[in-house]
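Subject: Structure handover

Hello,

Here is the structure I promised to pass on. Please open it, then read the notes below beside it.

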Amino acid sequence: MPDQSSFKIEKMVKFRNFPPIRFFVGILPISLWEIIFFMLPVLLIFIVSFLIVKELRLVFQWTLANYTDIFSKTPYWVAYVRSFRLALTAVVLSAVLAYPLAYAIAFVVPARFRRLLMVAMILPFWTNYLIRAYSWQIILANNGLFNEILKVLNIIETPISILYTHVATEVGFTHFYMVLMTMLLYSSMDAINRNLMEAARDLGAGKLRTFFEIIFPLSLPGLIVGSIFVFIMSFGDFVAPSILGGGKKPVFTQMVVDEIQGTVNLSMASALAVIMVVTILIVLILFLRRVESITAGSSTG
Amino acid sequence: MENISVELRHVTKAFGEVHAVRDLTLQVQPGSFLTLLGPSGCGKTTTLRMIGGFERPSAGEIFILGKTIAYESSTQRQTNMVFQDYALFPHKTVGQNIGFGLKMRGVKKAEIGKRVREMLDLINLSDVYDRMPHQLSGGQQQRVALARALILKPPVLLLDEPLGALDAKIRKQLQLELKQLQSELGITFIYVTHDQEEAMTMSDTIGIMNDGRLEQLDTPEKIYGDPQTLFVAKFVGECNIFEGRIRSEHPDIVDFEDNRGQIFKLKKDSLESAPVGKQASLVVRPEDIQVADAARKCVNRIQGRVEEKLYSGSIVRLVVDREGEKIMVDAHKGIAVSPPELIEIGWNPDAGSIIL
Ligand SMILES: Nc1ncnc2c1ncn2[C@@H]1O[C@H](COP(=O)(O)OP(=O)(O)O)[C@@H](O)[C@H]1O
Ligand SMILES: [Mg+2]
């Protein structure tokens, strides 16, 4: 044994860092909640996805059939790609719209109006998600507000069908998640030390270069975290695609629902759900690592 | 005009109701080290920021090398600033930080790399090129900030309390390095601090600011030895102040009568005019006052009782009570007096200075 005493001390230190028992007792309700209502169901879904359903009943027979089905049958693939594309589009749209907004709130709007703007932005979110989705129906329908306005302005004669297409889904996604994106972008922009911008200017950078050299890179953590959120939430959303997008071109979540409500194939639904979770996990891991590497240095200055 | 580096003419800056700088006029010689010294909130940073082109004066004019500031053009700047919190770009390496100014000027990559390394050698930090700012100590960050500003070879460098965040030991060392660097490079430094010791050791010229006004612009010796206002006298070092009036004027001596009717004699050379009968204050530094035997030979003498004797290093601070008036005297630590002894203290006409 090399240095016995130091080994002992190290062990003691480790032991001391270990939280006391009452800490665990304290968080027990939360842990139990997590375990019962989150971990267990996910585990259950995972297990069920490797079983099969025969005559509407779950049969305990381990198989990869569900997965080979998903990977070999076009409708699943098409729905998956559709979901992925819709979610990515939502990310791009909300980023493009939210970035200038967040920039304006952080750097242009006088400080005393900032809070007011934020509240105005969050206010619609006190309304239920479903109700907001139905409100968009009123606006986007063939005889809805949007088409009526275009008609009055003599821009169109026959209404453009937006409702029950994925354009409407996208409108919903963007509206619902843009605020989140704006908040996250704003908070990372607001954290930028104003002296950095002055320093850049002092060293000869114009407005545009200051933006690309300083502000944009330092706002990346907000942009990435925001994108992750928007992606995950739109990828997993069922409400907007159903209420606004209709069912003609189903997205992945709708396939899951169909498997449960239509064919009552629990194991297939589970396999689809597992694929969704894995997709989300991959996105999370890929991008969060990127955020970590960016934010490593941002704590100073 | 060409032989003045920076000139401010009646510069005023108001933020709404707050007057941060009032009617400030000063000139800085090329290659000199000017320090703006004053308590916090007196307008030092605002003055510096106006010279740096970050704020526009509400009134008055600023000239750098005889020209007014080019606010619009970011690459034609004549000054560079070292920020109080360094303002290093957290997402860029040390090398990228220092090379930033050159990159903005379209200098070639290879050339930037070469000059950044030269700069790092100059500040004795050759091995941190690829590190991130947060991996450096405070003192190292400070040097990088300095290098980033100096690489552009500005004729005027502005420094806003650049050593304020460092601990005393590193501060002392960097004070020396800064001063050396400044005289080697021959760049005009305009330096802001609230630390009077720092100002004294580094500056060629000190401008004392108070409540947005420039109280006195002088060499450190003059600022300390011949303060023009009571504020300057009190802000720089400690002093005894006697209130009174000017009694009479001789060829090179002025008689000052304090409120108790005692006459003190003073050399006249520090006073431009000595209006007889005018209210004035006499300032005498504690270390200029002699005690006991030495005092007996002095022209101006006071009787008093030693009230306190405080040791601090090689000197002792005596607090002498002159019938209710406390006088501070610094003496050699070997002095053989102790409370509550009655002693004589005194000084010669060349020691005190009068503030009108
Ligand atoms: N941007 C500003 N808006 C309003 N008041 C300011 C601003 N900058 C400085 N001031 C005020 O001007 C005065 C001088 O500030 P400053 O120049 O920072 O002083 P110092 O650097 O000597 O501590 C202070 O009263 C400060 O509150
Ligand atoms: Mg300041």
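B:Leu157 touches B:Asn80, B:Val82, B:Leu146, B:Ala149, B:Leu150, B:Ile187, B:Thr188, B:Phe189 and B:Ile190. Neighbours up to four places away in sequence are not counted. Contact here means heavy atoms within 4.5 Å.

A word on the source. This is a predicted model, where local features need pLDDT of at least 70 and side-chain atom pairs count only at pLDDT 80 or more, while totals for chains, interfaces and linings use all residues. Residues are numbered from 1 along each chain as its sequence is written, chains are lettered from A and ligands numbered from 1 in the order in which they are written, and side-chain values use heavy atoms, with hydrogens and water left out.

Now the core. The largest nonpolar core has 136 residues. Such a core is a set of buried Ala, Val, Leu, Ile, Met, Phe, Trp, Tyr and Cys residues joined through side-chain atoms within 4.5 Å. Buried means under 20% relative accessible area (1.4 Å probe, protein chains only); exposed is over 50%, and partly exposed lies in between. B:Leu157 is among the members that touch the most others, together with B:Ile98, B:Leu120 and B:Ile190. Helix α5 of chain A (residues 74–108) gives this core its largest share, 14 residues. Helices are DSSP runs of H or I with at least four residues, strands are runs of E with at least two, and both are numbered from the N terminus. A second, separate core has 26 residues, including B:Leu318 and B:Ile343.

Next, chain A. Its secondary structure comes to 14 helices and two strands. Of its 301 residues, 40% count as buried.

Which residues of helix α4 (residues 65–72) of chain A are buried? They are A:Asn66, A:Tyr67 and A:Ile70. Seen down the axis of α4(A), they fall within an arc of 95°, so they line one face of the helix. The arc is taken from the directions from the helix axis to the C-beta atoms.

Last, the interface. In chain A, 21 residues are in contact with 27 residues of chain B. The two chains bury about 2,200 Å² between them, 56% of it on carbon and sulfur atoms. Buried area is the accessible area (1.4 Å probe) lost on putting two parts together, summed over both. The rule finds three salt bridges across this interface. A salt bridge puts a side-chain nitrogen of Lys or Arg within 4 Å of a carboxyl oxygen of Asp or Glu. B:Lys103 and A:Glu213 meet in a salt bridge at 2.9 Å, N to O.

Best wishes
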